[in-house]
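Hi there,

Here is the structure I promised to pass on to you. Have a look at it first, and then read my notes below.

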Amino acid sequence: MDSKSIKKFSKWTKDGNYKAINWNDISDQIDKATWEKLTEQFWLDTRIPLSNDLSDWRTLDDDHKWVVGHVFGGLTLLDTLQSQDGMAALRKDVQTQHETAVLNNIQFMESVHAKSYSSIFSTLNTSNQIKEIFNWSDTEEFLQNKTKKIYSLYHNDGEPLKKKISSVFLETFLFYSGFFTPLWYLGHNKLPNVAEIIKLILRDESVHGTYIGYKFQVAFNQLNKREQDEIKGWMYNFLYDLYNNEVKYTHLLYDQVGWTDKVLTFIRYNANKALMNLGQEPLFDDTAADVDPIVMNGISTSTANHDFFSQVGNGYRLGRAESMKDSDYDIGRPKNKK
Ligand SMILES: [Fe+2]
Ligand SMILES: [Fe+2]
């Protein structure tokens with residue numbers, strides 16, 4: 001339905017030959033800018049000193065520990081979906097070769113995200129607790145609901161725009177019921193290294209959501225009015241459907257610690273941001289001013305920046321590269337024997 005009016009992209013030349021990617025001939029500058037942004041903010045979970053958070057962790061009661069563990073179990077499942085199915089699904093509908101390259105980068109980072117929760121588990125949880133968390137994320141009804149809904153859209157190749165909408169809803173909306181917890185603790189000066197990982201993930205997701213939302217808008221603008229109205233109607237219904245499920249998921253996770261209402265405000269605020277990435281009007285009344293200031297403080301403090309074209313955060317810098325010289329190979333060799 002929605003793919004008919006969109007121009008087709010081919011990785012073949014007019015003569016039927018396979019075409020090499022040329023980064024000196026860019027048809028969409030956003031591809032290049034996004035590639036540069038994503039490679040500049042590259043990170044790995046192994047570089048964050050998570051064990052420094054153990055003293056904070058030991059002060060939490062069992063209910064709060066349960067919430068932290070299961071929130072990250074849920075996030076692991078969503079990042080697994082992005083790394084295994086999401087980017088592969090979007091790659092089938094690219095409009096430029098550089099878009100494929102950007103999606104390759106995103107796919108790898110989704111695997112880093114999915115792995116980083118395991119680094120958190122192995123620091124904070126026992127092996128039995130880890131087993132229980134994974135058993136929970138592999139079986140929990142509302143978590144599996146949202147995962148399966150997005151999965152089936154990723155595998156519906158006749159609907160490229162719905163795939164992009166699904167990806168943006170997942171990254172800019174569905175992650176946030178989970179992100180709330182580490183941001184809450186960060187706002188209370190607790191678990192700062194766990195939060196640093198989450199902020200690095202959040203910074204990536206922010207670029208992913210903006211980029212895929214932009215690619216959605218490029219395709220959407222090629223549709224006629226009737227096609228646009230149809231996809232818009234579907235989008236708002238789907239968001240509302242996901243929201244209803246998310247309300248149940250939020251109650252399940254947060255009722256025991258009394259944070260449910262705050263989390264629901266936060267996810268409605270982020271649902272509006274997802275619509276904004278897709279170039280659409282907000283659905284809910286909630287704005288940044290309605291979100292708990294402690295959580296907003298957690299988002300804004302210290303290192304990470306979340307704007308599209310901002311720099312790597314202060315607290316995490318890659319080493320500087322220096323060109324190799326012949327003398328670098330002189331290890332152990334007497335100086336006069338070159
Ligand atoms: Fe991710
Ligand atoms: Fe992502």
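**What I found**

Let's start with one residue: Val 291 sits in the loop between helix H11 (260–277) and helix H12 (293–300). Please keep in mind that this is a predicted model.

Is Val 291 buried or exposed? A residue needs 20 or more other C-beta atoms within 10 Å to count as buried. Val 291 has 20 such neighbours, so Val 291 counts as buried. Leaving aside residues up to four places away in sequence, Val 291 touches Thr 265, Phe 266, Tyr 269 and Met 296. Take Thr 265: 26 residues separate Thr 265 from Val 291 in sequence, yet their C-alpha atoms are 6.0 Å apart in space.

**The whole chain**

Now for a wider view. The chain has 12 helices and 0 strands. Of its 338 residues, 38% count as buried. Among contacts with a separation of 6 or more, 78% are between residues 24 or more positions apart.

How confident is the predictor? The mean pLDDT of the chain is 90, and 88% of the residues reach 70 or more. Please be careful with residues 301–319, where pLDDT stays under 50; the model has 32 contacts beyond four places in sequence for this stretch.

**A covered helix**

Next, find helix H8, which covers residues 176–187. From first C-alpha to last, the 12 residues of H8 reach 16 Å, close to the 16 Å expected at 1.5 Å a residue. H8 is mostly covered, with 11 of its 12 residues buried. Among the buried ones are Phe 179, Phe 180, Trp 184 and Tyr 185. What do the buried residues of H8 pack against? Their partners are H3, helix H7 (160–174), helix H9 (192–220), helix H10 (225–254), H11 and H12. Just after H8, you will find Asn 189 with a positive phi of about 60 degrees.

**Two helices side by side**

Finally, compare helix H3 (residues 62–91) with helix H6 (residues 141–154): they pack at an angle of about 5 degrees, with their axes 10 Å apart. Angles under 35 degrees count as roughly parallel, so H3 is roughly parallel to H6. The residues of this contact divide into 8 nonpolar, 3 polar and 1 charged. On the H3 side they include Leu 77, Leu 78, Leu 81 and Asp 85, and on the H6 side they include Leu 143, Ile 150 and Tyr 154.

Enjoy exploring!

Conventions. Residues are numbered from 1 along each chain as its sequence is written. Chains are lettered from A and ligands numbered from 1 in the order in which they are written. This is a predicted model: local features need pLDDT of at least 70, side-chain atom pairs count only at pLDDT 80 or more; totals for chains, interfaces and linings use all residues. Helices (H or I, at least four residues) and strands (E, at least two) are DSSP runs, numbered from the N terminus. Two residues are in contact if their C-beta atoms, placed from the backbone, lie within 7 Å. Axes are lines fitted to C-alpha atoms, for helices over the stretch in contact, and angles run from 0 to 180 degrees between N-to-C directions. Angles under 35 degrees count as roughly parallel, over 145 as roughly antiparallel, 65 to 115 as roughly perpendicular and the rest as oblique. Ala, Val, Leu, Ile, Met, Phe, Trp, Tyr, Cys and Pro count as nonpolar, Asp, Glu, Lys and Arg as charged, and the others, Gly among them, as polar. pLDDT is the predictor's confidence in each residue, from 0 to 100. The expected span of a helix is 1.5 Å times one less than its number of residues.
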